[in-house]
Every structure is written in C-alpha cells, then in structure tokens.
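Subject: Structure handover

Hello,

Here is the structure I promised to pass on. Please open it alongside this note. My findings follow below.

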Amino acid sequence: MDFKDYYKIMGVERGASQDDIKRAYRKLARKYHPDVSKETDAEARFKDLGEAYAVLKDPEKRAAYDQLGANWKAGQEFRPPPDWDAGFEFSGGGGGADAAAFSDFFESLFGHGFQPAGGARHEAGMHVHGEDHHAKVLIDLEDAYRGASRSISLRAPELDSTGHVSTRTRTLNVKIPKGVKQGQRIRLSGQGSPGMGKGRAGDLYLEIEFNPHSLFRVEGRDVYLELPVAPWEAALGATVKAPTPDGPVDLKIPKGTTRGRKLRLQKRGIPGSPPGDLYVEVVITVPPADSDAARELYQKMQRDLAYDPRSKMGV
Amino acid sequence: MTQNTLTGVLLDERTELSLTELSDACSTSTEWVIELVHEGVLEPVGRQPNQWRFSGTSLKRAHAAMRLQTDLKINLAGVALALDLIEEIETMRERLHRFEKDDSI
C-alpha cells in the first residue's frame with residue numbers, strides 16, 4: 001500500500017494550525033467538488049481531500065499520523081510500524097466525506113477504531129437504505145438516435161461475512177433508450193447496495209456521456225456539422241450528400257451560399273419531445289492549384305471575375 | 001455471467017415523480033424537498049405539495065443540492081446559486097466545445 005502525504009494533499013505545512021487546515025480544506029473542497037469541477041480526477045482528489053481532512057482536523061488522529069514522521073514520501077510503499085498507535089485513543093466519529101471510500105492506507109492506520117458518520121455504520125436490528133451507486137456510460141451519438149444496449153462492468157465495495165470490505169465486479173446489460181442527452185441519467189431501481197434489515201436496496205444511476213465524434217458536435221439535443229462545399233456548389237447552388245447520425249441525406253445548397261451559413265434540418269437532431277435540430281454549417285473549401293489546367297482556371301477567374309474579397313476593408 | 005437486459009427509467013423532462021418518490025430517491029425527508037422548492041432549486045408542476053410533479057431532471061439537481069450542502073456546508077440559497085451557475089457553465093462548455101475546431105476537415 002502507498003503512503004499518503006495528507007499535508008501535501010491539503011497543501012499545508014506540517015506545522016499548520018487547525019484553522020489553516022480548515023481553511024485549506026474549505027477552499028480545496030470547493031475547487032474539487034465533483035459537482036463543481038470538471039477536472040477528470042476531481043472525484044479522486046475530492047476523496048483524498050476528505051480523507052486527509054478527516055485525519056488532520058482531528059487532533060488525536062493528526063498526532064498519531066505525525067508520529068509516523070516526516071520522512072515518508074507520497075506513493076512510497078508503506079507498512080504501519082508495529083504498535084505504531086500505542087498510546088493513542090481514537091474516539092471515532094467525524095467524517096463528513098464519504099468515509100466508506102477511504103484508502104487502504106487510512107484503513108491500516110485508523111481501521112476499525114473509526115466509523116464514518118452517516119456511512120457504513122450498521123447495527124443489528126437496524127433498517128438502513130442501501131447506498132445509491134453512480135456510474136458513467138459512454139455511448140456514441142448514433143446510439144442516442146437509435147437506442148442501444150450496453151454491457152457495464154461495475155466495481156463495488158462489499159462487506160463480506162467477516163465484516164471486511166472487498167471489491168466485487170458485476171456486469172449488467174443495460175438498455176439505453178433512444179433520445180438520451182449528454183448528462184442525462186438512467187435510474188435502475190434496486191441495483192445499488194443492498195439494504196440492511198428491512199431497508200430497501202439503493203439505486204444505480206447511470207450518467208450518459210457521449211464519445212467525441214469526428215464529424216458532429218452536440219449541444220443539448222441539437223447536433224452541428226461542418227460541411228465542406230466546393231466554391232461552384234456554393235455559388236451556383238447544388239444538391240450534395242451530407243452525413244447525419246441517422247444516415248446520409250441529400251441536402252440542397254442554395255445558390256449564392258456564403259461561408260459560415262447555417263442550414264437547419266428540422267427534427268434531425270437527437271430524437272425526443274421536442275426533438276433537436278441538425279445544423280449544417282457550410283465551409284467553402286478551395287481546390288488546390290496543382291496542375292496546369294487548375295492554374296489556368298484560376299488565372300481565368302482572376303482575369304474575368306474582377307473579384308476583390310477585401311473591397312469593404314478600405315485597403 | 002449472463003444476465004437479462006435491464007431497462008431503467010430515463011430521468012428526462014417527461015419522467016414525473018411525486019414529492020414522496022423524489023424524497024425517497026434522495027433518502028431524505030419531504031420537508032427538505034419542500035425547502036428546495038421554496039428556495040427555487042426545484043420547480044414542480046402543481047399547486048399543493050401533494051399534487052406536485054417533479055421532472056426526472058429534478059432528481060439530479062436534488063442529489064447535487066444534497067452533496068453541495070453536506071460536503072461544502074453551504075446554505076440552501078448558496079446551493080441554489082451554485083446549481084444555477086454550474087448549469088450555466090455546463091451549457092457554455094458544450095457551446096465552447098462546438099466552436100473548438102480541429103483540423104480534421
């Protein structure tokens with residue numbers, strides 16, 4: 001197991017006062033709160049932070065932790081010295097963060113002397129709701145148009161008969177309904193942790209996230225596409241093939257289309273009520289002058305068109 | 001391990017939850033949910049609490065409100081403000097992402 005440097009996690013000196021620690025915690029908790037932060041490791045950092053704070057805010061635990069000495073480095077292989085906690089008495093309690101998810105390092109130091117508040121504290125005869133579980137599901141944009149099934153592997157901590165926490169992997173096949181949006185959630189009742197006593201099982205929430213797409217961008221239920229168009233198609237008008245997540249369509253480019261013009265294909269966005277729209281943004285691309293014939297054509301245009309793209313710039 | 005395919009409930013604008021269903025799903029009291037409504041965090045349809053109907057997206061907001069209140073010790077007015085700002089930032093992020101061009105075309 002790796003050593004965790006709680007002072008480093010909280011960004012404070014070893015000599016920091018309890019007030020400093022509280023301030024640092026509040027500040028970092030706001031920064032890394034998973035509902036606020038979009039940093040990919042926000043959740044892990046928030047957990048680490050909760051764990052660090054649970055130790056450093058509690059003078060007993062902090063004193064015990066300090067006794068390990070300042071020579072340990074974060075990530076270093078760690079075994080608690082024998083009887084390291086002799087002479088310390090942990091009154092338990094505290095927590096606040098999701099203490100059920102604290103690290104092995106924490107467990108090895110404060111183990112069963114510590115019971116998280118509002119966490120996995122169970123007593124005989126109690127009826128407790130099982131915890132809800134949350135997971136992200138990555139789907140393709142096309143799946144939102146058609147619906148899909150996904151096989152999802154979830155790792156969940158589980159208490160075994162001896163009261164130890166072990167990790168269990170389970171696989172679920174889940175139907176993704178047609179018309180889902182980024183960030184939307186699917187609730188699977190009773191698929192979270194089992195309840196204690198007569199308490200009901202928790203729920204499993206799956207949050208939808210789209211894989212990045214090479215062609216399309218998504219905003220809510222609206223979908224955006226940049227469509228390359230040749231200059232003559234834009235100038236003269238044309239019917240061209242355009243991809244959509246639902247398969248290719250014939251798209252009419254009006255005569256005299258200019259760069260950046262947006263064509264709206266109603267109800268061709270993500271299905272729903274109301275369905276989204278598909279916006280096609282026209283990008284006029286310039287053919288290369290890489291042959292004598294092409295160069296001649298460009299020279300002819302230069303001679304015959306008298307076109308000044310900068311006429312309105314006063315130069 | 002083979003299993004049947006599970007079908008969940010998509011929590012979108014069309015899903016409807018009663019006050020009790022929403023409170024149960026958050027493992028909280030109806031009083032707390034009523035406070036959220038008074039603070040404008042949740043906007044159910046219906047006049048009386050026993051007629052209230054919450055959309056599926058309310059549940060996500062209620063869960064987030066609960067985490068923000070517990071983890072960051074902010075009061076409900078602060079939670080309401082944070083949720084509105086977070087939502088606005090998410091919309092802007094999606095929009096920004098749309099304009100972030102890559103050179104693939």
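The contact takes 38 residues from chain B and 47 residues from chain A. Please keep in mind that this is a predicted model.

**The interface**

About 3,800 Å² is buried between chain B and chain A. Carbon and sulfur atoms give 48% of that area. Three residues stand out on the chain B side: Leu6(B), Leu10(B) and Arg98(B). Together they supply 18% of the area that chain B buries against chain A, more than any other three residues.

Now the charged and polar pairs. The rule finds five salt bridges across the interface of chain B and chain A. In a salt bridge, the side chains of Arg67(B) and Asp35(A) meet at 2.6 Å, N to O. Polar contacts across the interface of chain B and chain A come to 14 residue pairs, both residues at pLDDT 80 or more.

Which elements of chain B supply at least two residues each to the side that touches chain A? They are β1 (5-7), β2 (9-11), α1 (19-25), α3 (56-72) and α4 (76-99). Of these, α3(B) gives the most, with eight residues. By type, the residues on the side of chain B that touches chain A divide into 13 nonpolar, nine polar and 16 charged.

**Strands across the chains**

The two chains also pair through strands. Strand β4 of chain A, residues 185-188, is joined to β2(B) by three bridges. The two strands run antiparallel. Within this pairing, Arg185(A) stands opposite Leu11(B) in β2(B).

**Asp203(A)**

One residue of chain A deserves a separate look. Asp203(A) lies in the loop between β4 and β5 (204-210) of chain A. Is Asp203(A) buried or exposed? It counts as buried, because its relative accessibility is 2% and the cut-off for buried is under 20%.

The side chain of Asp203(A) has polar partners. One is the side chain of Arg187(A), in a polar contact of 3.0 Å. Another is the backbone nitrogen of Gly190(A), which the Asp203(A) side chain reaches at 3.0 Å.

Leaving aside neighbours within four places in sequence, Asp203(A) is in contact with two stretches of residues listed here:

- Glu131(A), Asp132(A) and His133(A)
- Arg187(A), Leu188(A), Ser189(A), Gly190(A), Gln191(A) and Gly192(A)

If you want a place to begin on screen, start with Arg67(B) and Asp35(A), which meet in the salt bridge. Then go to Asp203(A) and its polar contact with Arg187(A).

Best wishes

Methods: Residues numbered from 1 in each chain as written. Chains lettered and ligands numbered in written order. Predicted model: local features only at pLDDT ≥ 70, side-chain atom pairs only at ≥ 80, totals over all residues. Heavy atoms only, no water. Contact = heavy atoms within 4.5 Å. Buried area = accessible area lost by both parts, 1.4 Å probe. Salt bridge = Lys/Arg side-chain N within 4 Å of Asp/Glu carboxyl O. Polar contact = N/O pair within 3.5 Å; in protein donor to acceptor, adjacent residues only side chain to side chain. Helix = DSSP H or I, 4+ residues; strand = E, 2+ residues; numbered from the N terminus. Nonpolar A, V, L, I, M, F, W, Y, C, P; charged D, E, K, R; others polar. Pairing = 2+ DSSP bridges. Buried < 20%, exposed > 50% of the residue type's maximum accessible area, 1.4 Å probe, protein only.
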